[in-house]
Amino acid sequence: MATPAVTVYGRTSCPPCMRTKKLLEQAGVEFLYVDVDQDSDALDGLSDLDWVTALPAVVCTELDLHWCGYRPEHIKTLIGHT
């Protein structure tokens with residue numbers, strides 16, 4: 001089964017972002033990490049989305065799955081598709 005493309009938007013000073021990143025890494029889920037402090041354009045694009053109210057923002061278009069904040073239950077869904 002192919003790994004779905006996952007993008008995590010966060011910042012290093014954000015504990016929920018780092019927990020999300022760590023859980024994905026431990027589960028072996030491949031993802032692109034975008035540090036919004038390093039890429040201000042990424043944050044501008046995120047602020048246009050109604051569902052983004054906090055970081056991290058996680059997007060997996062292939063599974064039509066996206067969320068913000070630390071959501072281990074959604075991470076388990078990603079793990080089930082890897």
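A disulfide is a pair of cysteine sulfur atoms within 2.5 Å. With that in hand, here are the close-up views. This is a predicted model, in which local features need pLDDT of at least 70 and side-chain atom pairs count only at pLDDT 80 or more, while totals for chains, interfaces and linings use all residues. Residues are numbered from 1 along each chain as its sequence is written, and side-chain values use heavy atoms, with hydrogens and water left out.

**View 1. C14 and C17 form the one disulfide of the structure.** Their sulfur atoms sit 2.5 Å apart. The link of C14 and C17 is right-handed, with 75 degrees about the S-S bond. Both C14 and C17 are buried, where buried means under 20% relative accessible area, exposed means over 50%, and partly exposed lies in between (1.4 Å probe, protein chains only).

**View 2. What about the cysteines C60 and C68?** C60 is in no disulfide, and its nearest cysteine sulfur, that of C68, is 16 Å away. C60 is buried, with a relative accessible area of 0%. For C68, the closest cysteine sulfur is in C17, and the 10 Å between them is too far for a bond. C68 also counts as buried, at 16% relative accessibility.

**View 3. Strands β1 and β2 run parallel.** Helices (H or I, at least four residues) and strands (E, at least two) are DSSP runs, numbered from the N terminus. Two strands pair if DSSP finds at least two bridges between them; here four bridges join β1 (residues 7-10) to β2 (residues 32-35). T7 stands opposite L32 in β2. From β1 the chain passes through helix α1 (residues 15-27) to β2, a right-handed β-α-β crossover. Right-handed here means that, with the strands pointing away from the viewer, the path from the first strand over the helix to the second runs clockwise.

**View 4. R11 and D37 meet in a salt bridge.** A salt bridge is a side-chain nitrogen of Lys or Arg within 4 Å of a carboxyl oxygen of Asp or Glu, and the count by this rule is two. The N to O distance for R11 and D37 is 3.0 Å. This pair links distant parts of the chain, 26 residues apart: R11 is in the loop between β1 and α1, and D37 is in the loop between β2 and α2 (40-47). R11 is partly exposed at 25% relative accessible area, and D37 is partly exposed at 44%.

**View 5. E73 and R71 also meet in a salt bridge.** Their N to O distance is 2.6 Å. E73 is partly exposed at 40% relative accessibility, as is R71 at 32%.

**View 6. Eleven residues make up the largest nonpolar core.** A nonpolar core is a set of buried Ala, Val, Leu, Ile, Met, Phe, Trp, Tyr and Cys residues joined through side-chain atoms within 4.5 Å. Members include V6, V29, V58, C60, W67 and L78. The elements giving two or more residues to this core are β3 (57-60), β4 (65-68) and α3 (72-79). Leaving out residues up to four places away in sequence, V6 touches V29, V58, C60 and L78, among others; contact means heavy atoms within 4.5 Å.

**View 7. Y9 belongs to another core, of ten residues, lying apart from the largest one.** C17, V34 and V36 are among its members too. Y9 lies in strand β1 and is buried, with a relative accessible area of 18%. Not counting residues up to four places away in sequence, the contacts of Y9 include V34, V36, A42 and L46.
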